[in-house]
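Me: I've got a chain open and want a quick walk through its fold. Can you talk me through it, piece by piece?

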Amino acid sequence: MRNDLYSLPTDGAAFKQFCGGNLGGEHETCVKFAQLPGTESAYVLTDSKPEGAGREVRFTAAELDAFVVGYAGERGLRL
């Protein structure tokens, strides 16, 4: 995998979204994510709110897994 995840295109990425809160509409408060096309372990996350349009963060699977486990633990959530 390339070191610079931000150089990878998102064309054809199959985004999924998890929504909650819905402060401004049915799908306004969602975290959208997709595997970066052509990779096995790189992901892109975006925000569905209008203020977040065009902004994204990218992570390797290991980075994202570490975040999810840490976040769940901090929040007292079970996986």
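Reply: Start with confidence. pLDDT is the predictor's confidence in each residue, from 0 to 100. Helices (H or I, at least four residues) and strands (E, at least two) are DSSP runs, numbered from the N terminus. In this chain, confidence is lowest in β1, at a mean of 88, and highest in β4, at 96.

Me: What is the mean pLDDT of the chain?
Reply: The mean is 88, and 86% of the residues reach 70 or more. This is a predicted model: local features need pLDDT of at least 70, side-chain atom pairs count only at pLDDT 80 or more, and totals for chains, interfaces and linings use all residues. Residues are numbered from 1 along each chain as its sequence is written, and side-chain values use heavy atoms, with hydrogens and water left out.

Me: Which elements are there, and how do they run from the N terminus?
Reply: They run β-β-β-β-α. That is 1 helix and 4 strands.

Me: How are the strands arranged?
Reply: The 4 strands form an open sheet, in the order β1-β2-β3-β4, with antiparallel pairing. Two strands pair if DSSP finds at least two bridges between them. β1 (16-19) and β4 (56-60) are at the edges; each has a single partner strand, so one side of each lacks a neighbour in the sheet. From one strand to the next, the twist averages 25°.

Me: Where does the helix sit?
Reply: Helix α1 (residues 61-75) packs on the sheet and touches β3 and β4. Its direction makes about 100° with that of β4. Axes are lines fitted to C-alpha atoms, for helices over the stretch in contact, and angles run from 0 to 180 degrees between N-to-C directions. Contact means heavy atoms within 4.5 Å.

Me: Back to the strands. How many bridges join β2 to β3?
Reply: 5 bridges, between residues 30-35 and residues 42-47. V31 stands opposite D47 in β3. V31 is also the bridge partner of F18. β1 and β2 are joined by 4 bridges.

Me: What about the turn between β2 and β3?
Reply: β2 and β3 form a hairpin with 6 residues between them. G38 in that turn has a positive phi of about 85°.

Me: New topic. Which residues make up the largest nonpolar core?
Reply: L5, L8, A13, A34, L36, A42 and V44, 7 residues in all. A nonpolar core is a set of buried Ala, Val, Leu, Ile, Met, Phe, Trp, Tyr and Cys residues joined through side-chain atoms within 4.5 Å. Buried means under 20% relative accessible area, exposed over 50%, partly exposed in between (1.4 Å probe, protein chains only). In soluble globular proteins, nonpolar side chains tend to be buried together.

Me: What does V44 touch?
Reply: Leaving aside neighbours within four places in sequence, V44 is in contact with T10, F15, K32, F33, A34, L36, E56, V57 and R58.

Me: And T46, buried or exposed?
Reply: T46 is buried, with a relative accessible area of 17%. T46 is found in β3. Beyond neighbours within four places, its contacts include F15, C30, V31 and R55.

Me: How does Q35 count?
Reply: Q35 counts as partly exposed, at 34% relative accessibility. Q35 lies in β2. Q35 and T10 are 25 residues apart in sequence and 8.7 Å apart in space, C-alpha to C-alpha.

Me: What share of the chain counts as buried?
Reply: 23% of the 79 residues.
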